Amino acid sequence: MAELQLQHEVEPQLLNGDDLNEEREDADTSESLKKKRRKKKRNKASAPAGTNEAEGDGDAGGVGDVRKQLEQQTLEDKEREEDGEEDGEEGENSAGKKKKKKKKKKGLKGQTDPPSVPICELYPNGDFPKGEECEYPPSKDGRSAAWRTTSEEKRALDMANEEMWSDFRQAAEAHRQVRSYVRSWIQPGMTMIDICEKLEDCSRRLIKENGLKAGLAFPTGCSINHCAAHYTPNAGDPTVLRYDDVCKIDFGTHINGRIIDCAFTVTFNPKYDRLLEAVRDATNTGIKFAGIDVRLCDVGETIQEVMESYEVEIDGKTYQVKPIRNLNGHSIGQYRIHSGKTVPIVKGGEATRMEEGEAYAIETFGSTGRGAVHDDMECSHYMKNFNVGHVPIRLPRAKHLLNVINENFGTLAFCRRWLDRLGESKYLMALKNLCDLGIIDPYPPLCDIKGSYTAQYEHTILLRPTYKEVVSRGDDY
């Protein structure tokens with residue numbers, strides 16, 4: 001409105017004679033019409049506000065004043081919109097500006113149900129939610145690590161790696177939203193193939209899959225009961241999830257090779273609740289004790305102590321919850337899910353120390369069986385050997401398959417279903433040839449004794465210079 005009033009004041013100076021009078025008359029009539037309209041609206045609005053003030057005193061009078069001001073403000077907004085519609089080109093411009101403002105508000109998207117909006121579009125400024133930030137545990141001599149949070153040097157180092165932390169956080173937010181979605185529909189009677197494909201489709205949308213820059217970090221593990229890890233169904237697998245099953249959902253996302261490795265256990269029968277509680281507590285204990293300069297064997301010892309303190313009663317029989325001693329957590333590198341260091345879940349592991357700037361998957365497995373796993377069942381998980389050099393390949397189909405793997409997965413893990421999805425067929429002989437040559441490593445399912453039950457919980461942690469960040473932490477676990 002300010003621009004409009006200025007024009008009416010300046011234009012008469014440029015006009016002469018009759019034109020000036022006509023212009024003034026038009027302006028006066030339009031202004032008087034607007035004033036009459038405003039008076040009528042204000043009189044209507046002031047009547048109820050006035051009654052409020054008359055009826056009440058003290059606080060009631062204050063409420064009346066506030067209401068009157070609010071009504072006055074809404075009236076003025078409406079008047080501005082009406083003036084914008086009535087006045088020529090100036091009005092069109094102002095209306096156009098209002099439309100632009102509304103579009104900006106719509107630009108801040110919310111997630112749909114089911115989730116379909118990529119995380120990068122939900123947070124267009126790139127400021128992704130942080131995980132749980134924790135102070136590092138005190139050193140063995142009792143010195144606190146709180147100085148790291150205030151040290152200018154450590155803060156500068158932290159900021160220098162902000163782009164890397166941001167990639168982890170984006171992948172973690174996708175993981176949180178996908179697993180929340182999965183929990184809303186997973187139920188007995190579904191086939192394992194349907195569960196995995198529905199989960200992976202959602203994960204691909206939220207991570208905004210883009211070749212090797214963004215996508216799934218490894219196949220969805222959905223190991224059941226005595227099978228602890230590395231099971232995903234191959235094509236034609238008829239396995240169905242049942243009410244009495246204990247299912248470990250282990251899937252990963254990545255941005256620029258920064259991998260989130262995070263897992264949880266799904267049950268429907270409450271008799272397994274104590275088993276899940278034991279493993280979840282052990283994982284959280286491992287996370288609590290992990291930190292810069294902490295020995296990996298010490299983390300394993302604390303995990304074992306907590307897990308073995310639990311007992312679970314299943315179908316009238318009591319079991320001590322045992323950590324699966326030959327399964328471990330691990331350090332995570334760029335495009336490398338297992339990058340060299342292992343985090344044991346029993347005492348007696350290696351005395352190597354965790355270092356600043358590293359990322360770790362802290363995972364624990366509890367079992368009612370022997371507490372040890374072996375290879376069993378048909379293999380579905382494969383991964384290219386990270387350190388393999390040039391190896392001569394004689395079979396043309398094996399050469400072709402390796403090119404497909406390099407282009408689509410690089411050194412990230414994959415499964416046979418994903419090769420099927422890319423249109424590959426009759427590749428089993430070529431895949432075996434690549435495994436025999438040591439170019440591809442097979443990762444068959446890992447199982448405890450039949451009749452036992454195993455559970456898993458896992459989080460990815462970042463050992464930042466200032467804080468330890470449990471980047472995959474959510475409201476669920």
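**Close-up views of a predicted model**

Helices α10 and α11 are roughly antiparallel to each other, because an angle over 145 degrees between N-to-C directions counts as such. The model is predicted.

**View 1. Helix α10 against helix α11.** Helix α10 covers residues 273–289 and helix α11 covers residues 296–307. Their axes cross at roughly 155 degrees and come within 8 Å. The crossing of α10 past α11 is right-handed. On the α10 side, the contact is made by Ala278, Val279, Asp281, Ala282, Thr285, Gly286 and Phe289. On the α11 side, Val299, Thr302, Ile303, Val306 and Met307 take part. By class, 8 of the contact residues are nonpolar, 3 are polar and 1 is charged.

**View 2. Helix α8 against helix α9.** Helix α8 spans residues 162–185, and helix α9 spans residues 192–207. The two pack at an angle of about 145 degrees. Their axes lie 9 Å apart. Here too the crossing is described by its hand: α8 passes α9 in a right-handed crossing. From α8, the contact takes in Gln170, Ala171, Ala174, Gln177, Val178, Tyr181, Val182 and Trp185. These meet Ile195, Lys198, Leu199, Cys202, Ser203, Leu206 and Ile207 of α9. The contact of α8 with α9 divides into 11 nonpolar, 3 polar and 1 charged residues.

**View 3. The second largest cavity.** The model has 2 cavities of 30 Å³ or more. By class, the lining has 3 nonpolar, 2 polar and 3 charged residues.

View 4. The bond from Asp113 to Pro114 is cis. Its omega is near 5 degrees. Pro114 sits in the loop between α4 (88–107) and α5 (119–122).

**View 5. Positive phi at Lys208.** Lys208 is not a glycine, yet its phi is positive, at about 55 degrees. Lys208 belongs to the loop between α9 and β2, the latter covering 214–224.

Terms used: Residues numbered from 1 in each chain as written. Predicted model: local features only at pLDDT ≥ 70, side-chain atom pairs only at ≥ 80, totals over all residues. Heavy atoms only, no water. Axes fitted to C-alpha atoms, helices over the stretch in contact; angles between N-to-C directions. Helix = DSSP H or I, 4+ residues; strand = E, 2+ residues; numbered from the N terminus. Parallel < 35°, antiparallel > 145°, perpendicular 65-115°, else oblique. Left-handed = near helix turned anticlockwise from the far one by under 90°. Contact = heavy atoms within 4.5 Å. Nonpolar A, V, L, I, M, F, W, Y, C, P; charged D, E, K, R; others polar. 1 Å grid on protein atoms, 1.4 Å probe; cavity = no way out; pocket = protein on both sides within 12 Å on 5 of 7 lines; lining within 4 Å. Points joined across faces, edges and corners; volume = space filled by probe spheres on them.
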